[in-house]
Amino acid sequence: MSIIVNNLSKTYSDQKAVDSISFEVKKGEILGFLGPNGAGKSTTMKMLTCYIPPTSGNATVCGFDITQQSLDVRQKIGYLPENNPLYYDMYVKEFLEFALKVNGQKSMVISNQTIKNAIDLVGLEVEQHKKIRQLSKGYKQRVGLAQALIHDPEILILDEPTSGLDPNQLADIRHLIKELGKEKTILFSTHIMQEVEAVCDNVVIINKGKIVANDKTSNLQTRLAGEVLIEVEFEKIVSETELNKIENIHAIERISDTNFILHGKESMQLRKNIFAFAVSKNNALLTLKQETKSLEDIFQQLTMVGSK
Amino acid sequence: MTAILKKEINLFFSSLIAYISMAVFFVVLALNLFIFEGNILDSNYAALDTFFTLAPWILIFLIPAITMRTFADEKQNGTIEFLATKPITDFQIVIGKYLAALILWFFTFLPTLIYFICVKNLSLENAPIDSGATIGSYIGLFFLGAVFVGVGIFSSAITNNQIVAFLVGVFLCYLMYDAFFRLSSLPIFEGRLDYIIQSIGLNAHYDSISRGIVDTRDIIYFLSVISLFLIGTRTALESRKW
C-alpha cells in the first residue's frame, strides 16, 4: 500500500472539514478524489503532504507516518497544491532547478538532463526560456506538474491539476497523468466527473468531509445504476396514471404528452412490459431507449443526498 | 537551506531591492556626514558620531522594507505551501531567508567603511580618528542591523500583508532600539529598575560596543535577541498547524 488513510479528521475551530475518512491507495494506482467544492479534498491532501496536521486519526505514505516521519513522507511525494503557487519572478529552468534543490538534491549532482527530461515530459519545450510570469495558465500548470515530478517521487499528489484549463489542455494533462500513472502512484482531486471516468482506476467520492463512495470506477457505474432510465415515445397521448400501472416502474418524468422518461428496475422485464402496454393500448411505440447512468449522475445523486 | 539562501539573494539582486537599499543607505548618510549642516568638515573633529547616531534611525525603516516580503509574499501567493511540503524543516527555511537578508545588509553596510577611510585620511596627524572606538561602532552597527533583520523577518512571518509586515517591523525595531532606553529614564523606574530596562533595549549595548570595547556580554545579547526572533519566526510559520 502506498497511502493508507485511517480515520483521518480535521476540524477548523468548530467546523469539521474532514470527518473521519479512511481509504487506501495501492502502489501504481491512480485514485480520483472527487467531491464538490468545499468537500474537504484539499484539506485531506494538505494533511497527506504534511502541510497541516490532522486533528485526529492517522495516515501513512510509503509506510511513513505523516505526523511522526514528516520529512520522510515529504521526500517520497511530489505535490501540486491547489491554485498552483509558483515563483513568478523565476525562469522556468531556474525554478525547476530550485525545486530539485529543495527536494534535497545536491547542486553538484543536478544534471541539466533531469531538468530537460521533466520539461519534455510535460511539454514545456517552447516556453522553457521564459519567466513563469509570462506563461499562460496552461503552461503555468505544466510548470507546476514539472516541479511535482522532477525529483522522480514514488507518489504524486495533485490537487485539481486541471482546473481552469481549456479543452485541449485538459486532454493533454489527462493524458499526461495517465502516462505517469503507469509508473507512479497518483492521488488526484477534481470536481469534474469525466476526468475520473477517463483517467482513474479507482474513485473516492467525498462530500461534506465524509466518504460517500469508494470503489472501482467501473463498479461504481454499474453498482449505482441499479435503477434504469428508459426513454419512451408513443404515437398517441398517454396519461401518467395509465403508465403507472406498468409493473416495475417507480417514477415517471413527463417531457411531453407522448414523451416520458421512466425510472424502474429490471431493465429487460420493464422494457417487455412497456412494449406489452403499448400493444394493449393499440398505441405505437416510436422510441424505447435505455439510458446508462453516467458517473455525473451518480456524483449528483451521492452528493445531493448528503446536502438535503 | 543553501537553495533558499541562493534563491533569496537572487531575488534581491535581480530586482532593484538590493541596489536601492545600498544606495539609499550610503547616500543619505554621506549627505549628513559631509554636506548638510553640522557636517564633519565644519565640526573640526575627526569622528563619525553623526553617522553612528543617524544610521540606526535609517535602519529602523530600511531593514523592515527589505525584509517585509520574505514571508508575507510567500504566504500571500501560497508558495509557502510549496516550500513547506518539501523535505526541509521550517527552521531551514527561516535560516535561509535570514542569512540572505543578512548578506544584503552586509553589502549595504560595507560601502560605509569608505567614510572611515576618508575621515582617517582627512584628519590631522596630531588629532587622528579614534580607530578603536570607530571599529567598535562599526561592529555594533552591524549587529544592530543583524537584529533588525531578525525583527523584520519575524514581522513578515506573522502576516500575509507586506505593508502590515513593514509597519510592524518598524514598530518593533523602534521599540527594541529606542523605547526601552526612553522608558528607563522615566522617573518611576529610577533606582534599580532603570538599568535593567535599559539593558533590554538595543541602544545600551550598541553604545557599549561603540566605546571600542567588544564585550562578550553585548555580543551574547545581540545573538540571543536574534535567536529569539528567529525562533519566533518559526513559531509563526508553524501556527498553521495549530
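A charge is taken to sit over a ring if NZ of Lys or CZ of Arg is within 6 Å of the ring centre and within 35 degrees of the ring normal. By this criterion K97(B) lies over the face of F71(B), at 5.1 Å from the ring centre. In chain A, R142(A) lies over the face of Y139(A), at 5.1 Å from the ring centre. The model is predicted, so local features need pLDDT of at least 70 and side-chain atom pairs count only at pLDDT 80 or more, while totals for chains, interfaces and linings use all residues. Residues are numbered from 1 along each chain as its sequence is written, chains are lettered from A and ligands numbered from 1 in the order in which they are written, and side-chain values use heavy atoms, with hydrogens and water left out.

F71(B) belongs to helix α5 (residues 69–77) of chain B, where R69(B), T70(B), F71(B), A72(B) and E74(B) are buried. Buried here means under 20% relative accessible area, exposed means over 50%, and partly exposed lies in between (1.4 Å probe, protein chains only). Helices (H or I, at least four residues) and strands (E, at least two) are DSSP runs, numbered from the N terminus. Just after α5(B), G78(B) takes a positive phi of about 85°.

Over all chains, the whole structure holds 31 aromatic pairs. Rings of Phe, Tyr and Trp (its six-membered ring) pair if their centres lie within 6.5 Å; planes under 30 degrees apart count as stacked, over 60 as edge-to-face and the rest as tilted. The ring centres of F25(B) and W105(B) are 5.6 Å apart and the planes stand at 80°, so this pair is edge-to-face. Because F25(B) lies in helix α2 (residues 17–35) of chain B and W105(B) in helix α7 (residues 90–109) of chain B, the pair ties together parts that are 80 residues apart in sequence. F25(B) is buried, with a relative accessible area of 0%, and W105(B) counts as buried at 1% relative accessibility.

A stacked pair is formed by F143(B) and F222(B), because their ring centres are 5.5 Å apart and their planes are at 10°. F143(B) lies in helix α9 (residues 131–157) of chain B and F222(B) in helix α13 (residues 216–238) of chain B, so the pair ties together parts that are 79 residues apart in sequence. Both F143(B) and F222(B) are buried.

Chain A has eleven helices and 14 strands. Its radius of gyration is 24 Å, well over the 19 Å that the globule rule gives for 308 residues, so chain A is more spread out than a compact globule. The radius is taken over C-alpha atoms, and the globule rule is 2.2 Å times the number of residues to the power 0.38. Along its principal axes the C-alpha trace of chain A spans about 85 × 45 × 30 Å. Of the 308 residues in chain A, 50% are buried.

Strands of a sheet pair through backbone hydrogen bonds, either parallel or antiparallel. Two strands are counted as paired if DSSP finds at least two bridges between them. In chain A, strand β1 (residues 3–12) pairs with strand β4 (residues 56–61) in the antiparallel sense over five bridges, and I4(A) has T60(A) as its bridge partner in β4(A). Seven bridges join β1(A) to strand β2 (residues 15–25) of chain A, again antiparallel, with F23(A) in β2(A) as the bridge partner of V5(A). The hairpin of β1(A) and β2(A) has two residues between the strands, and S13(A) takes a positive phi near 40° there.

An open sheet of four strands in chain A has the order β12-β13-β11-β14, with antiparallel pairing. Its edge strands are β12 (249–254) and β14 (285–291), each of which pairs on one side only. Within this sheet, six bridges join β11 (residues 228–234) to β13 (residues 259–264), and E231(A) stands opposite I261(A) in β13(A).

Two loop residues of chain A were also examined. T162(A) lies in the loop between β7 (155–159) and α6 (167–180) and is buried at 2% relative accessibility. Leaving aside neighbours within four places in sequence, T162(A) is in contact (heavy atoms within 4.5 Å) with Q141(A), L170(A), I173(A), I192(A) and E195(A). I192(A) lies in the loop between β8 (185–190) and α7 (193–199) and counts as partly exposed at 25% relative accessibility.
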